[in-house]
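Here are some exercises to work through with the model open beside you. Try each task before you read its solution.

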Amino acid sequence: MSFVSNPNQQLNFDDSYNNLTDREKRFLDKSWAKPFSEEIFPAINEEMFSVLYSDKASRPNTPVNVIIGSLIIKEMLNMTDDEMVEALMFDIRFQYALHTTSFEEQPLSDRTLGRFRERCNAYETEHGRDLVKEAILLLSDKIAKIMKLNPTLKRMDSMMISSNIRKLSRLELLYTCVANMVKCLHKSGEDELIEGMEHYYDDNDRNKVIYHNRSEETSDKIQTVINDAVKLLSLIEDKYLQTSEYQLLLRVFKEQTEDDDKGTRKLRKGKDLNSQVLQNPSDPDATYRKKTGKETRGYSANLVETFDEENSLITDYQYDTSIRSDSSYLKEVINKMGVQKEQITIIADGAYGGKDNKTLATGNNINLITTDFQGKKPNEIFAEFVFSEDGKTLLSCADDQEPITSVYNEQTGQCRSKMNLERCLNCPHQQACNPKLQKKSAIIVISSKTVERAKQLQAMDTEEFREFAKSRNGVESLPSTLRRKYDVDKMPVRGRLRTKLYFGFKIAALNFRKLCKYYDSLVQRTQKLALE
């Protein structure tokens, strides 16, 4: 299939739109189809997707802008692929939005959208380039300009996204991986390799092992499954080593079991497992994380929103496993933005903070403001302490006293400084600093990070900071909106790349809704002025 750009950007004289009555046209102009047709569809960059198709002359592709537009509309209206295909055939709004009213036959088939997603995922797997995200961010830039948003003011928040998988017990997990491998070998006619394990491909066996089970039998059943896994792994031939069934069995075997003192493979203790262990064979990419008391098996996303007093728009996003930290997301955003000519302010919660992130932001002309304080609060008097640039030498205390000696501890990151005893005894800040008084000197142990945290506390006690904190609250509605209206926790696919692609189109749909709301506000404002 070769790439051909879509020439149908404007209405033709024989277009079906011209057959509508004036009343029908007025209703169509008031619907979501008009701003989509005029602003979103023409801004979809088809050329960047040409790499997905062959250079050789062959059957032309379905127009990429029709596919991208369909996937955005589908998420906006919470439709399935089949419902989208049917709607494009019979609903003039969809045809008008996607500029297909002049087509004799609508270009989408029952597999068009699925094949396109597969092409995008395969390309990113091979080249590491997310074409869908690039296209969506270009659309976001276009909408931001229409809404006249100030690009120098941004806020940030993250969210957990559950994979559409079931929580498995350790017995279920081990059993499923063994059973999948046995079934794979059975289908390939390798029955001699699985002699004695035929029960795994019996449809009723799973229920017998997993559910018809008294608690005291669980450990014995787990050991039986582990023994079967040991036997199975030793018998598998080379030609099966690259199958997903073998790879998952080997992974869960290494993660969940270990050799005991006698060399027997036993179940590993739960405390020895980390968050990256396999959660469910249906989604090998999903990881485990417990945040704010809630367990998540799946992924996380970071949202960057550009905003003003009235409007907001998601202008960037990141998507990864659930164990990815907010701090690392911020580093990625700042490194991507690079050094800014005009200072940009990013408002985020305390999880995005830290000395390293502050330093990175400052170096790129970005004002990072974190509205929450993580950990134990230091005494604000420490904000008056002065350290050297490398943070390894205390230069002076809150009373401008220079230390007699200052020794840096590489392991703790703290400086142990010897101060003048008499001056410390007469210092008004003695109780706040709380130095350790000795016979001839006073000792204070402090790190440059403590000083930075104390300065942060001081900055938080200002009117300007309180205004920034109020501004950040708006971004906290995004996770709730994406869950309630766009079902991000119930995506019909699994795997990091597949779910990321769906998530991207949900972001595009949310942004388009914001554009429609912006246009509605302009109409209301115009009507109000006319009445005055």
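Contact here means heavy atoms within 4.5 Å. Helices (H or I, at least four residues) and strands (E, at least two) are DSSP runs, numbered from the N terminus. You're looking at a predicted model, where local features need pLDDT of at least 70, side-chain atom pairs count only at pLDDT 80 or more, and totals for chains, interfaces and linings use all residues. Residues are numbered from 1 along each chain as its sequence is written, and side-chain values use heavy atoms, with hydrogens and water left out.

**Exercise 1.** Work out how α12 and α13 are oriented and which residues meet.

*Solution.* Start with the axes, which are lines fitted to C-alpha atoms, for helices over the stretch in contact, with angles from 0 to 180 degrees between N-to-C directions. Those of α12 (residues 326-337) and α13 come within 10 Å and cross at roughly 10 degrees. So α12 is roughly parallel to α13 (angles under 35 degrees count as roughly parallel, over 145 as roughly antiparallel, 65 to 115 as roughly perpendicular and the rest as oblique). Next, the contacts: from α12, S327, L330, K331, I334 and N335 meet N357, L360 and A361 of α13. Last, sort them by class: four are nonpolar, three polar and one charged (Ala, Val, Leu, Ile, Met, Phe, Trp, Tyr, Cys and Pro count as nonpolar, Asp, Glu, Lys and Arg as charged, and the others, Gly among them, as polar).

**Exercise 2.** In the open sheet of four strands, find the strand order and the edges.

*Solution.* Strands pair if DSSP finds at least two bridges between them. β11 (405-409) and β13 (436-437) each pair on one side only, as edge strands. Now zoom in on β12 (residues 414-420) and β14 (residues 441-447), which pair over seven bridges. There, S417 sits opposite I444 in β14.
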